[in-house]
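Biologist: Could you take me through a few features of a model that is new to me, giving the general idea before each case?

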Amino acid sequence: MDMRLKGKVAIVTGAAHGIGRGIAEVFAEEGAAVFMVDLDAGAGEAFAAELRHKGQDVTFMRADVSSPAEVARVVEMAGTPDKGIDVLCNNAAYIGQWHNALEATEEEWQKSLSVTLMGTQYFTKEVLPFMVRQKGGSIINISSVQGMVGGRNSVAYTTVKSGLLGLTRNVAYDFGPHNIRVNVICPGAITTRISPPVGSELYERQISKTFLGRVGQPREVGKAALFLASDESSYITGAVIPVDGGWTAM
């Protein structure tokens, strides 16, 4: 069976753990040359080495997505003139603490904005010239169900995840004429290292909000991202795609 991303170059941010790791793994399996970006160099390089051992083309790069200079360095190294950059997946985000509008600190707001929202903008800005030059590309932003519906005690997180929907639609609008597609995935409850323990009140609440009666896995988000990264989604742009077991359909 043909690999769906064979010959493509992809950047995935926040790729050392959780959803980003699942996306990077799926992209690599499907033939992409994947550049994994994360602050956690130990976990990121270990996973990249694991994928390289399987014969996949994976490079880990430590970078802070909230730093324009570090973002520019990553894109410069990934986007060689002969290969370009075909896929960008903006997954890196700052979770912070669970605070309402009375409790959220200035630091929490600023870090949420600089990592989740501006980190996405910085990578998008650096990658767009490559995609314009090659007359095509796919940008996939990872938001959350909380970009579509409210969530308790998470005002900064919910606000920036909602902001990603607007950013996605606007970049899709402006760069559609260059055959650049920009879409956003909104994951629901996904099993990661920060998930609530099985059986806890929060875990049971998450289960109760899905039609499927379970939490999802990072690779399930990865499969949705794969579809958006591949040529199979060639007429899809500006779309908001929940991967949430039915959470937002209630």
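Modeller: We will look at a helix and then at a pair of rings.
This is a predicted model, in which local features need pLDDT of at least 70 and side-chain atom pairs count only at pLDDT 80 or more, while totals for chains, interfaces and linings use all residues. Residues are numbered from 1 along each chain as its sequence is written, and side-chain values use heavy atoms, with hydrogens and water left out.

Biologist: What span should helix 5 have?

Modeller: Helices are DSSP runs of H or I with at least four residues, strands are runs of E with at least two, and both are numbered from the N terminus. The expected span is 1.5 Å times one less than the number of residues, so the 21 residues of helix 5 (residues 155-175) should span 30 Å, which agrees with the 30 Å between its end C-alpha atoms.

Biologist: Which residues of helix 5 are buried, and what do they pack against?

Modeller: Buried means under 20% relative accessible area, exposed over 50%, and partly exposed in between, with a 1.4 Å probe and protein chains only. Among the buried residues of helix 5 are Ala156, Val160, Leu164 and Val171. Contact means heavy atoms within 4.5 Å, and the buried residues pack against helix 4 (106-134), strand 5 (137-142), strand 6 (180-187) and strand 7 (240-243).

Biologist: How is an aromatic pair described?

Modeller: By the distance of the ring centres and the angle of the planes. Rings of Phe, Tyr and Trp (its six-membered ring) pair if their centres lie within 6.5 Å, and planes under 30 degrees apart count as stacked, over 60 as edge-to-face and the rest as tilted. The structure holds 1 aromatic pair: the rings of tryptophan 98 and tyrosine 157 have centres 5.8 Å apart and planes at 75°, so the pair is edge-to-face.
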